[in-house]
Amino acid sequence: MRTVPSIIHLDMDAFFASVEQAAKPSLRGKPVIVGGLGGRGVVSTCSYEARVFGVRSAMATAVARRLCPNGAYLWPRFTAYRACSEQVMAMLRALSPLVEQLSVDEAYVDLAAGPYGPALAAAAPGEGAELVRAICQDLRADIEERTALTASIGAAGSKLMAKIASEQAKPDGLVLVNPGLERTVLGPMAVRALPGVGPATEQVLRRAGLMTVAEVAELSEEELMRLLGKAHGAGVSLMARGLDDRPVVPDRDAKSVSVEDTYEVDLADRDRILHELDILAARCVRRLQATGRSGRTVVIKVRRFDFSTLTRSETLRGPTDDEGVIAATARRLAAQVNLTGGIRLLGVGVSQLADFTQEDLFAQAAAEAALAELDAQEAAEEEEPDAEQEPLPESGAAAGSVAAEPAGVEGGAPAAGAGQLAAQRIWLPGQDVTHRELGPGWVQGSGVGRVTVRFETPDSPPGRVRTFLVDDPELTPSDPLPLRPPPDA
DNA sequence: TCTGGGGTCCTAGGACCC
DNA sequence: TCTGGGGTCCTAGGACCC
């Protein structure tokens, strides 16, 4: 156990909404809701101004609109968020090689493994804590200066307490928990404060009369394991007593890749469903190939009209990144599912990832076979042991069945992107655009053949609104602008 | 008011092997 | 010949997180 609170957890405040407010001066101080804006969309993130109205993450956007009818509702701009995220993560990596990124806006850092490590190790406990405080305040100030965004930080002797502290620090704050005070801090908290305790676990604990962490900490590990199961019970038992020795682990490899779509209207037609699976398989494969990996288990996910969800999976004989194989497997799996009554969501995923493919294995096997052949020729004539000539059903048959399909259906489907948006003249609220004369702005809304654009940039005053025909050739989609001018410029 | 998309980890049963 | 136990893999589902 550490004597200095040298593990920090950093969490960007209302990340997506904050990026939007930084990019769009007219939205500062206003309720901003970022998420899916279709009939089945949900809120990803909302600004603190929106939370006053009761808007929350994961809430149906339709509900949010009723609670907060005058908010700005925007589609997410992931490219812009990723750019900000990378800036922040780079700043964290300057503090330590041990940076564990949990999501686009959240990370642990082990300061003891970085340049401040020796000073922290040499410091008396009180001095060490003050050094951590200074490092964190500098970091928060640097982040705000370089990205125009605020971050909250928790610092403690463990990941558990650092995470709890950052939650307490929000928004735009810093909280340290000195080692030794874990149980004092945790004790009065509701059980839901523990990471990993969600609605189901909370219910179980409440039925056992346990509301606070201190009450849970009084139970024995055995009792908690009986209530919550082996692994979860043991984990909650340790957490409740403030015990956590998990190390900060950088760069963990992904274990699965998946894509899914919820459709505006339930799908009923079988051929349409199979076609959508092909499209999802293609998207999944694109992501897989971008990471240079391949997968052995293919899984499909089906959510029915009544929100009941099921999965079907099949493990192939070897890893693949072949679109035809994955699409054909997905179709085979779909044949096992009752698709009647309407499908609201489809997904395709791949797990058991490897850094090579079945084809690599074939090539390797062929090379080995060739060598063996040479050896065999050199050796005395001998009876060949029966080579196991089992066909490889997944690869062989599946690829064949796809080739037999009407060619080019999925191959001809265009990739959705800025180009397609431009061609179809679909303007999404929040989207970056440029007008040839009026310059950069963003789409405020569109309908009945018109699109409304506000012309402003991160460093301009709030801008004016103009309306155009949706197919106005002067108006084009554009890339996000940096929230702050680059330091050299 | 009606529920996204991307993940991780755990459990449990059955098959299969030793 | 019958019975049992343990380990591993596969599949399906669920809880949880951001």
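**Contacts with DNA strand C and surrounding elements of the predicted model**

A phosphate oxygen of DNA strand C lies 2.5 Å from an N or O atom in the side chain of Lys-163, a polar contact being a pair of N or O atoms within 3.5 Å, where within protein one must be able to donate a hydrogen and the other to accept it, and residues adjacent in sequence count only if both atoms are side-chain atoms. The model is predicted: local features need pLDDT of at least 70 and side-chain atom pairs count only at pLDDT 80 or more, whereas totals for chains, interfaces and linings use all residues. Residues are numbered from 1 along each chain as its sequence is written, chains are lettered from A and ligands numbered from 1 in the order in which they are written, and side-chain values use heavy atoms, with hydrogens and water left out.

Of the DNA atoms within 4 Å of the protein, 100% belong to sugar or phosphate.

The surface near DNA strand C is made up of six nonpolar, eight polar and six charged residues. Here Ala, Val, Leu, Ile, Met, Phe, Trp, Tyr, Cys and Pro count as nonpolar, Asp, Glu, Lys and Arg as charged, and the others, Gly among them, as polar. Both α9 (199–207) and β11 (309–320) supply at least two residues of this surface, and β11 gives the largest share, six residues. Helices (H or I, at least four residues) and strands (E, at least two) are DSSP runs, numbered from the N terminus.

Helix α7 (residues 159–169) has eight of its 11 residues buried, so it is largely enclosed by the rest of the structure. Buried means under 20% relative accessible area, exposed over 50%, and partly exposed in between (1.4 Å probe, protein chains only). The buried residues of α7 are Lys-159, Leu-160, Met-161, Ala-162, Ile-164, Ala-165, Ser-166 and Ala-169.

In strand β2 (residues 32–35), Val-32 and Val-34 point one way and Ile-33 and Gly-35 the other, and all are buried. In a regular strand the side chains alternate between the two faces of the sheet. Strand β2 pairs in the parallel sense with β4 (residues 72–74) over three bridges, with Ile-33 opposite Tyr-73; pairing requires at least two bridges found by DSSP. With β3 (residues 43–46), strand β2 pairs in the antiparallel sense over three bridges, and the partner of Ile-33 there is Cys-46.

Cys-46 counts as buried because its relative accessibility is 1%. Its sulfur is 8.5 Å from the closest cysteine sulfur, in Cys-68, too far for a bond. A disulfide is a pair of cysteine sulfur atoms within 2.5 Å, and by this rule the count is zero.

An open sheet of five strands has the order β16-β15-β14-β13-β17, with antiparallel pairing. Its edge strands, β16 (464–469) and β17 (475–477), each pair on one side only. Within this sheet, strands β14 (residues 439–447) and β15 (residues 450–455) run antiparallel and are joined by five bridges, and Ser-446 has Val-451 in β15 as its bridge partner.

Conventions. Near = heavy atom within 4 Å.
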